[in-house]
Amino acid sequence: MRAVGRSVPRIEDPALLVGKGRYVDDIALPGTLHAAFVRSASAHARIAAIDTAAAAGMPGVHAVLTAADLRPVLRSLRLPLGASPTSSENSSTPFVLNGHEAAYVGEPIALVVADTRYEAEDAAGAVFVDYEPLPVVADARRAVEAGTPAVRTELASNLLNRMMVAFGDVDEAFAKATHVVADELWQHRGCGHPLEGRGVLAETRPDGGLCVWSSTQMPHDLFHTLAGMLGLDENCLRVVTPDVGGGFGPKYCIYPEELAVPAAALLLGRNVKWIEDRRENFLSAVQERDQYWSLEVATDGDGRILGMRGRLIHDQGAYAPKAVNLPYNSASAVTGPYVVPAFAVEVLIAHTNKVPVSSVRGAGYPQAAFAMERMIDLVAARLGIDRVAVRARNLIPPEKMPYTKPLKARSGAGIVYDSGDYPACQAEALAAAGWHDFPRRQAEALAQGRHLGIGIANAVKGTGRGPFESGVVRVAPSGRVSVFTGATAMGQGLATALAQICADELGVRPEEVGVIAGDTAFAQFGLGGFASRQLVTAGSSVHIAAKAVAAKAIRAASTMLDLPEAELELAGGEVRGRGGSNRGISLAEIATRLRGAPGYAFPAEIEPGLEASIQWKTDALAYANACHVAEVEVDIETGHVGVSHYIALHDSGRLINPMIVDGQIKGGIAHGIGNALYELMGYDEEGQPLTTTFADYLLVTAPELPRFETLYRETPSPINPLGAKGVGEAGTIPAAAAIISAVEDALRPFGVRISQTPVTPEFLFNLISKARAKQRAEREMPA
Amino acid sequence: MNARSIALTVNGRPVNGTADVRTTLADFLRHSLRLTGTHLGCEHGVCGACTVLVDGASVRSCLMLAVQAEGAHVRTIEGLAGPDGELHPLQTAFRDKHGLQCGFCTPGMLMTLVEFLEENPDPAEAEIRDAISGNICRCTGYESIVAAALQAAAEIRERRR
């Protein structure tokens with residue numbers, strides 16, 4: 001029985017279920033020292049002095065290292081731009097350690113290395129930093145106003161970048177519009193918060209090099225960054241991704257700590273480990289935080305969209321560790337699954353004195369979906385047309401697939417939606433949700449004083465970003481089948497999915513395939529885990545590589561058995577004659593033969609080794625789509641929102657493991673619900689973080705969630721050999737938009753408009769109170 | 001260092017060790033005993049990843065000092081399967097129902113549910129959701145964990161019959 005398409009149990013689970021996972025802090029090397037960072041307490045200050053004397057004399061302390069101390073082993077104190085083709089620094093890339101001017105609370109200033117983590121943390125608290133306060137800019141909108149002080153004194157402007165994302169003739173669209181609706185939206189997405197924080201272990205090697213374990217989504221990027229920054233011979237460096245306790249975006253960046261810890265190991269000639277605590281994660285792991293949108297939509301009399309225009313101010317935080325693809329994603333993805341003939345959004349990327357911003361699950365797409373879906377609801381309300389009818393009129397019809405959006409992806413390739421039937425998806429989701437029956441249920445509930453609401457949101461997500469991912473399939477002389485890839489497992493079940501793909505081609509079972517992902521000693525090339533890309537890219541490479549290994553095994557067996565290839569088949573781990581021939585030869589025997597033996601004949605016209613290495617390349621994205629319908633109940637006395645029903649329909653192409661897909665989708669929805677109702681990374685006006693524990697920053701827990709009803713359509717993507725589309729982020733993208741649409745619907749009796757995430761009980765309570773007061777005043781007004 | 005000798009029982013085996021008085025039980029288990037199955041997600045008692053059983057009751061091992069466990073019976077994820085390696089019904093159910101993704105919250109979820117199902121082997125879905133309300137999972141959306149708990153409860157009831 002083939003494994004692909006079935007919910008086979010995960011090969012990751014047996015170790016994880018008995019406490020035998022191996023996350024970075026579980027790796028114990030002899031003689032390891034432990035690091036703790038001294039972090040800025042000020043959001044913006046000149047650092048006048050750093051006094052390390054007291055700390056250096058404390059028990060167990062081996063070294064207190066500042067930027068000046070690390071400088072001799074670093075090519076530069078400044079990190080290169082991450083995930084970029086040039087690997088060069090610029091005036092917005094972060095510092096490994098900052099000894100001159102802190103630009104956010106949490107910025108690493110110094111590093112203490114001690115015998116234990118306890119002692120390192122004690123000493124870190126004893127390092128005295130003399131801060132001379134500088135003006136703080138905590139709001140992205142203020143950051144770009146004329147006359148606002150610089151977030152860092154080295155900057156001429158807080159405006160990191162300004163770009164237009166535009167197509168069509170917007171002025172003409174608005175000139176001929178029957179209706180124009182406008183709104184201001186604030187979108188906040190908080191932090192990534194994998195349950196395991198970041199962590200780095202650097203082992204010094206006898207050859208003067210390093211082996212570095214890091215809880216990262218980007219081992220190869222880290223490898224090249226370390227080699228360049230530390231001037232290490234690439235042959236003396238290895239980066240290993242151990243088990244990773246969740247990624248969700250923040251581990252897509254290369255961090256100062258990932259340079260500082262290996263640099264300290266080289267300086268001290270000792271193994272050094274740093275394990276982030278949660279407070280540090282709040283203070284220094286990238287966040288996605290705030291976007292401020294102003295949008296206008298022009299429609300004809302029937303709610304057909306003629307054009308959209310507006311502006312987006314994106315809070316970038318103090319530095320930009322990577323190219324600013326996130327706000328570009330947001331702006332370029334706004335039109336989503338809809339036909340929008342003309343579009344012009346200006347994007348302003350503003351530095352603030354806050355933690356740097358990069359991707360969290362969804363990477364700008366959830367904001368795009370929220371902006372679009374909220375504006376469509378507004379069009380529906382203003383024009384008095386049903387919300388789903390406005391959507392149906394504007395969705396890209398299936399006959400227009402593949403559909404080209406007149407925009408370019410970051411690679412420069414066109415944005416081409418490869419496949420899918422968006423109107424059919426919406427219709428199916430609405431039917432499953434009982435949408436057309438809802439007004440009756442809503443009216444009945446309202447008669448009892450209960451406020452129910454229903455909301456809808458559609459979304460698309462480009463998945464499987466290239467340019468490639470590596471896939472090596474090898475059969476060892478023991479018969480062991482292994483997959484090696486530069487793709488990185490962060491807990492999604494990548495190993496299982498790749499094992500399924502490989503197993504089918506080699507006629508073995510998935511649990512017989514070992515997968516090593518994200519270890520630079522085993523995969524020479526790799527890009528890593530981001531953009532819902534790995535199943536599509538690594539999966540395609542493994543698929544092609546496994547096919548090549550199967551073909552080679554049959555070719556070799558043909559020589560060894562003296563039978564024509566056409567009469568041979570691969571099954572049960574051996575090549576045997578078709579039609580029940582009892583002549584067979586195991587993959588182990590073939591691999592042993594192809595290993596070669598000194599002086600013995602080698603099968604003619606066959607290359608040594610039973611293996612194949614493929615880097616399947618792509619410029620195109622496979623577009624997954626979704627329609628979510630949420631039902632909520634709002635307690636108008638407290639502002640509490642309960643999510644009562646949730647229907648999610650997804651078309652993620654061909655499903656390799658439906659169980660894993662369902663887990664990704666449901667986890668993604670929970671994240672989106674958190675963004676809609678709970679997650680808020682708060683700062684005061686001085687840039688001081690207000691939420692630095694899980695008691696202040698609320699992650700959704702089990703009682704808040706309903707059972708999710710998930711539905712799947714499988715429109716195979718024509719652009720990759722698996723027909724697959726990514727699923728890691730698709731569940732999150734429409735969720736907040738669907739929830740807020742439902743909350744607004746529940747509050748229809750009060751005529752309120754909601755243009756933000758998250759909506760806390762306090763916010764809703766105030767919104768409702770204000771609306772009720774206004775209604776009372778209107779009632780009492782003499783006619 | 002202000003170290004004390006401590007004696008306790010971990011997963012049924014007597015343990016004699018030394019711990020600095022400020023060392024948490026979690027760090028003692030993980031780094032002194034090398035039982036790294038117990039994970040630390042927040043180190044401030046909210047996420048529940050470090051949950052272990054101390055004398056049968058669930059405890060946040062990041063908020064308890066190792067010296068406080070003197071004389072106690074501590075049970076961790078490493079002690080959940082039988083001596084022959086047979087998985088606990090919860091472990092089996094987590095695999096069957098995809099109750100874990102990255103696996104980092106899993107030890108705390110399992111130990112919390114072990115205690116809960118011992119007290120309440122026939123729970124309603126809402127009771128399970130309440131029982132794990134002090135355990136954060138960022139991956140699953142909890143539904144598969146709840147389904148796993150229901151499956152394990154049925155198995156536990158079956159075994160008791």
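A crossing is left-handed if the near helix is turned anticlockwise from the far one by less than a right angle, and right-handed if clockwise. The model is predicted: local features need pLDDT of at least 70, side-chain atom pairs count only at pLDDT 80 or more, and totals for chains, interfaces and linings use all residues. Residues are numbered from 1 along each chain as its sequence is written, while chains are lettered from A and ligands numbered from 1 in the order in which they are written.

**Exercise 1.** Describe how α15(A) packs on α16(A).

Step 1. Helices (H or I, at least four residues) and strands (E, at least two) are DSSP runs, numbered from the N terminus. Helix α15 of chain A comprises residues 494-506, and helix α16 of chain A residues 534-561.

Step 2. The two helices pack at an angle of about 25°, and their axes are 8 Å apart. Axes are lines fitted to C-alpha atoms, for helices over the stretch in contact, with angles from 0 to 180 degrees between N-to-C directions.

Step 3. α15(A) and α16(A) are therefore roughly parallel to each other (angles under 35 degrees). The crossing of α15(A) past α16(A) is right-handed.

Step 4. Residues are in contact if their C-beta atoms, placed from the backbone, lie within 7 Å. Among the contacting residues, α15(A) provides A:Leu494, A:Ile501 and A:Glu505, and α16(A) provides A:Val542, A:His543 and A:Lys547.

Step 5. By class, this contact has 12 nonpolar, 3 polar and 2 charged residues. Ala, Val, Leu, Ile, Met, Phe, Trp, Tyr, Cys and Pro count as nonpolar, Asp, Glu, Lys and Arg as charged, and the others, Gly among them, as polar.

**Exercise 2.** Which strand of chain B gives the most to the side of domain 1 that touches domain 2?

Step 1. Chain B is divided into domain 1 (3-77) and domain 2 (89-160). Their contact takes 14 residues from domain 1 of chain B and 12 residues from domain 2 of chain B.

Step 2. β3 (51-54) and β4 (57-60) of chain B each supply at least two residues of that side of domain 1. β3(B) gives the most, with 3 residues.

Conventions
Domain bounds come from an automatic or database domain assignment. Two residues are in contact if their C-beta atoms, placed from the backbone, lie within 7 Å. Angles under 35 degrees count as roughly parallel, over 145 as roughly antiparallel, 65 to 115 as roughly perpendicular and the rest as oblique.
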